Amino acid sequence: MYSEVRIMEKEFLTEAHRSVTLNVTGGKIDSFREKEETTGTVRVYENGCIGVAGCLGIPDENALTDKAREALALGIPYPCKLGGALEQEDLNEKEIIPVSELIPTMQSFLDRLGDACPRFAFSNKISLNYRKTEYRNSLGRHLTSSGSNLSIGLLAQNRGSGNLFDTSFGYKGADFDPDALLSQFKKEYNAFYTSADIAPGRYPVVMDISDLFGGTLQHFIAEMYASGASLLSGKLGKKVFSDRLSLKNDMNPATNPGVCFFDTEGCVAPDLRPALIDRGTLVGLLTTKKSAEKLNLPNTGTAAAPYDGVPTLGFNRFYAEPTAPALSALVPDKAIYIVMTSGGDITPGGHFAAPVQMSYLMENGRLVGRLPELNIGGDFSNFLGNDYIGAVRGDPSPDSMLCAVVMDVKKS
């Protein structure tokens, strides 16, 4: 049971989002959608309970506070664990591309991309996103975070293949350097039309950090850990993984442009990255203040919440501490560079397997040629342990976060 709170405490949050999304078909922008949304939230705490009220649009704080007080009557239990006085802001008002120039700028980029990669037909989305979040509480904590990013997610169809798409090109960042992106995409295009092959065996596999760790996220959830259903259960505070592995939730705008540096309960992590694994030791789990107190676990500050709801778990983006300056140093010999994989899973016993729809053979950090469809697999404890090679950030593109792991590889 949560300890009683004699004096009502309060949190107030506002969030403003704006996005402009371009739809791309056949290398041409054929439509756009502009969206703006502002939300407000008041949460009050009294006698071990929480009351929440929220609104769409510019909030009336006093009106929301009255509604949140009324919601206390619902008796929803939640501990009052407000952070103390702290003033902190990270404001990035940099304009990546003026909205009025977004369509001509991106169409010019698509035209150049089409000229550089004439056998591809491009489709999907490009979006420019802006966000500002402000948090205040009755103990004097005041946090403000704002930022923006450009997200380019293009699907490429090999003309005449009959497939909806054959590979993909992507970028997300706070800058737009068309020459650098065209150079990167051109390298992949050239490798796509060069055939490569491998024999079945164990190879270093290079993949986006979210593809590697996305399927494991559930095992870091505090409730799953405490129930014994997690592959990590009973290992908090123990060194069970590779010394080279430090895994975090990236809430740092320097490496995750546009992210809010604090969670929805006003928690600010060291280095703005709540740590899950530190040099092989499991040091954190995904918690809210409620789950941390209920399960007697440290709170890592990974809460999210709907504008009109009670806090729940959230996650932004995996971050692994880099262990090499470039791919050529991380995997200097033969490796497999994965572009697209989906449908993978981890069994209750910890075996991971996934089909690979698109990958390249890589040597000394350079793409050599396109591989046939593959299957990759390994054991959870091994690919976070002895089979974990390391991580590299910013290669081949400034926004990339890639990890290398030795896995079993065979053709589909």
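Helices and strands here are DSSP runs (H or I with at least four residues for helices, E with at least two for strands), numbered from the N terminus. This is a predicted model, where local features need pLDDT of at least 70 and side-chain atom pairs count only at pLDDT 80 or more, while totals for chains, interfaces and linings use all residues. Residues are numbered from 1 along each chain as its sequence is written, and side-chain values use heavy atoms, with hydrogens and water left out.

Back to asparagine 47, which has a positive phi of about 55° although it is not a glycine. Most residues other than glycine have a negative phi, and most peptide bonds are trans. Asparagine 47 counts as partly exposed because its relative accessibility is 45%; buried means under 20% relative accessible area, exposed over 50%, and partly exposed in between (1.4 Å probe, protein chains only). Leucine 272 also has a positive phi, near 60°, and is likewise not a glycine. You'll find leucine 272 in the loop between β10 and β11 (275-278). With a relative accessible area of 15%, leucine 272 is buried.

Aspartate 395 and proline 396 are joined by a cis peptide bond, with omega at about 15°. Proline 396 belongs to the loop between β21 (388-393) and β22.

Now for the strands. Two strands pair if DSSP finds at least two bridges between them. Strand β1 (residues 9-25) runs antiparallel to β2, and 17 bridges join them. Within that pairing, asparagine 23 stands opposite serine 31 in β2. The hairpin of β1 and β2 has two residues between the strands, and glycine 26 there takes a positive phi near 60°. Strand β1 is also joined to β6 (residues 120-137) by 14 bridges, again antiparallel. Follow valine 20 across and you reach its bridge partner in β6, leucine 128.

Next come the charged side chains. Side chains of opposite charge can pair when their charged atoms come close. A salt bridge is a side-chain nitrogen of Lys or Arg within 4 Å of a carboxyl oxygen of Asp or Glu, and by this rule the count comes to 18 salt bridges.

One of them brings together aspartate 179 and arginine 112, at 2.8 Å from N to O. That pair links distant parts of the chain, with aspartate 179 in helix α3 (residues 178-192) and arginine 112 in helix α2 (residues 99-116), 67 residues apart. Aspartate 179 is partly exposed at 48% relative accessibility, and arginine 112 is partly exposed at 38%.

Another salt bridge joins lysine 411 and aspartate 197, at 2.9 Å from N to O. Here lysine 411 is in strand β22 (residues 401-411) and aspartate 197 in the loop between α3 and β9 (201-208), 214 residues apart. Lysine 411 has a relative accessible area of 38%, so it is partly exposed, and aspartate 197 is partly exposed at 46%.

A further salt bridge runs from glutamate 321 to lysine 248, whose closest N and O atoms are 3.0 Å apart. Glutamate 321 lies in the loop between β15 (318-320) and α7 (327-330) and lysine 248 in strand β10 (residues 247-249), so this pair ties together parts 73 residues apart in sequence. Finally, salt bridges with shared partners join Lys10, Glu61 and Arg136 into one network.
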